[in-house]
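Take a look at the model below.

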Amino acid sequence: MKRFYRRTGFKIFAVVMAALIAGSIISVASRNSSSPLTRVTGVVFGPASRLAGAVTNNLKRLPVTFRSSSYLKRENAALQSEIDSLREQLVDYEEVVYKNNFYKEFLELKEEHEDYEFAEAAVIGRDSADKFGTLTLNKGSANGITVNDPVIYGKYLVGVVASVTPTQCVVNTILNPSVNVSAYETRTREVSYVTTTNELAGKGQCTLTNLPAQTAVTDGGLVCTAGVGGIYPANLIIGTVVDIIDATLDISASAVIEPGVDFSQLTDVLIITEFNGQAKK
Amino acid sequence: MTLTEAKKKQIYRRALLAAVILGLSLIQNSAGRFLKIGGVGPLLLIPAVVAAAMYEGDIAGIFYGLFAGALWDVFAKGNNFNAIFLVAVGFACGMLILTVMRVNFVTHLLLSSCASGIYCLGYWFFHFITPHIDRAFITLFAFYLPMAIFTSVLSPLVFLLVRAIEIKFRTEQYTE
C-alpha cells in the first residue's frame, strides 16, 4: 500500500485533483460561476465548438442529389446540375428569410424598449448529460455577458445565463427547475412566479404556481415576466396557459404553461446585457 | 536534438489521441440532434478516456482525463465536475491495467460500462435526488440509464478507433 502512495502517478493524481477541487471552489465563489480551467479551455477551443455547432445545425439543409443509371446519366447531367444550383440558391434564400425575420423581431423589440442593450448569440452546444437542456452560446464575458443576464428569442423568454467564460456562456432554460421567474397573467393581472417540475419539463412545459384556489386565470391566458427581482425585465412573454391544476398539498392552484419557444429548434438568441431596473451586477 | 523513431511515434500517437478526444467532445456536445435517439445521446468521452488510459498508462490517463473533462466542462456548468470525474477514471483505469487487468475488448467494455454507469447514477443523484426534484426515479429509467446503455453500446467503436491508432504508432508489443 505504501508503494502505491509513493508512485509518481499517484502524486500527480493527487496534485491534479487538488487543483481541480480548488478550481471548483473558485467557480462557486466567483461571479462567473466557471473555473479558471473552463475559462481557458473555452477561449482556446471556442472556435472548434462554433464550427461544430454550425456544421451540425446545417446538416439537415444539405441538398441530396441522386445519380441515375449510367445510361441516363449523360442525358440528365445538365438538368441535375441546374437543380443543384437552384437548391443551393433556395438554401441561401431560406437562410436570408430566417435572418430577416430574426432581425425584424430584434428591431421591434429595440423600438419598444430603448433601454435594452443586446448581444446576439448563436447556440453552439448542449450538455448531453443535462436532461433539462442547457444551451451553450458563443458569447462570453468579453462581449459584456455576465451571470443572470436574461436570454430571449424575439419577445419570448428563453432562460438565464448560468455561467460565463470569456468567449462562451451556458444558459439554463425556463425548463430547468432551478430557474424561477416572477410573472403575471396579462388578463387577470395575478402575480406569482413561474417554475417547472421534472414531470412538466419532460413535456416541455412549466407552471405559474401558488395561485389562489379561486384564481380567475383560464386556458389561453398569456403569462409574462413581472420584472420583480431585477433579473428579468418586465413583459417578456413566457408562454400560454393550457391547464389549471389544484395543488394536492395546500389550497393553492397552478397554471400549466406551454412556452412560446421550441427550445430544441433554437439556433440564434439575444442576451439582454442591460436594461432599466436591472439588479446591480 | 533529433528525436528517436520511437519518440516520434509516441508523440504522433498521443497527439492523435488528443485529436480524437477533441472530435468526440464536439460530437457529444453538438448543438444539433446528431447521434441522439429520443433526446438521449452517448457520453463518448468516457470510453475514449478509458481506452486512452488502458493503452497509455495511469499518468497519461490522468492528463487525457483532464483534457477531456476540461472540454466537457465548457458545455456544462463549468465547475470542474466532469474534469474531476474523468481524471479519476483515467487514473483508475491506468492503475487497473498495470496491476490486475489486460488491455482487450472485454475489459474496455467492462470499465467503460462501469464508468458511464457511475457517472449517470452520480449525476442523477446530485442533480435530482439531493435537490428533491419530483419524479426523479422516472428520469433515471427514462433518461440516465438509457444514456449509460447507449454509451456502452458505442464504446466498442471508440475502443477500435483508439486501438487502431495504438497499433499504427506502437513502439512496443502490446499484450492483448
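Cys120(B) is buried, because its relative accessible area is 2%, and the cut-off for buried is under 20%. This is a predicted model. Cys120(B) takes part in no disulfide. Its nearest cysteine sulfur belongs to Cys114(B), 12 Å away.

What is the closest cysteine sulfur to that of Cys114(B)? It is the sulfur of Cys93(B), at 9.1 Å. That is too far for a bond, because a disulfide needs two cysteine sulfur atoms within 2.5 Å. Over all chains, the count of disulfides is 0.

Now step back to chain B as a whole. It has 6 helices and 0 strands. From the N terminus on, its elements read α-α-α-α-α-α. Along its principal axes, the C-alpha trace of chain B spans about 60 × 30 × 25 Å. Of the 176 residues in chain B, 53% count as buried.

Turn to chain A and its strands. Start with strand β4(A), residues 156–164. Is β4(A) largely enclosed or open? Of its 9 residues, 8 are buried, so the rest of the structure largely encloses this strand.

β4(A) has strand β3(A), residues 150–153, as a partner. The two pair in the antiparallel sense, over 4 bridges. Pro150(A) stands opposite Val160(A) of β4(A). β3(A) and β4(A) form a hairpin, with 2 residues between them. Gly154(A) lies in that turn and has a positive phi of about 65°.

β4(A) also pairs with strand β5(A), residues 169–173. These two run antiparallel and are joined by 5 bridges. Here Val161(A) has Val171(A) in β5(A) as its bridge partner. A hairpin of 4 residues links β4(A) to β5(A). In a regular strand, side chains alternate between the two faces of the sheet.

Finish on the surface of chain A. Val44(A) is found in helix α3(A), residues 36–58. Its relative accessible area is 53%, so Val44(A) counts as exposed; the cut-off is over 50%. Together with Val40(A) and Val43(A), Val44(A) makes a nonpolar surface patch of about 250 Å².

Note on methods:
Residues are numbered from 1 along each chain as its sequence is written. Chains are lettered from A and ligands numbered from 1 in the order in which they are written. This is a predicted model: local features need pLDDT of at least 70, side-chain atom pairs count only at pLDDT 80 or more; totals for chains, interfaces and linings use all residues. Side-chain values use heavy atoms; hydrogens and water are left out. Patches are made of residues with over 30% relative accessible area and no salt bridge: like charges are joined within 9 Å, nonpolar side chains (Val, Leu, Ile, Met, Phe, Trp, Tyr) within 5 Å. Accessible areas come from the Shrake-Rupley method with a 1.4 Å probe; for residues, only the protein chains shown count as cover. A salt bridge is a side-chain nitrogen of Lys or Arg within 4 Å of a carboxyl oxygen of Asp or Glu. Buried means under 20% relative accessible area, exposed over 50%, partly exposed in between (1.4 Å probe, protein chains only). Two strands pair if DSSP finds at least two bridges between them.
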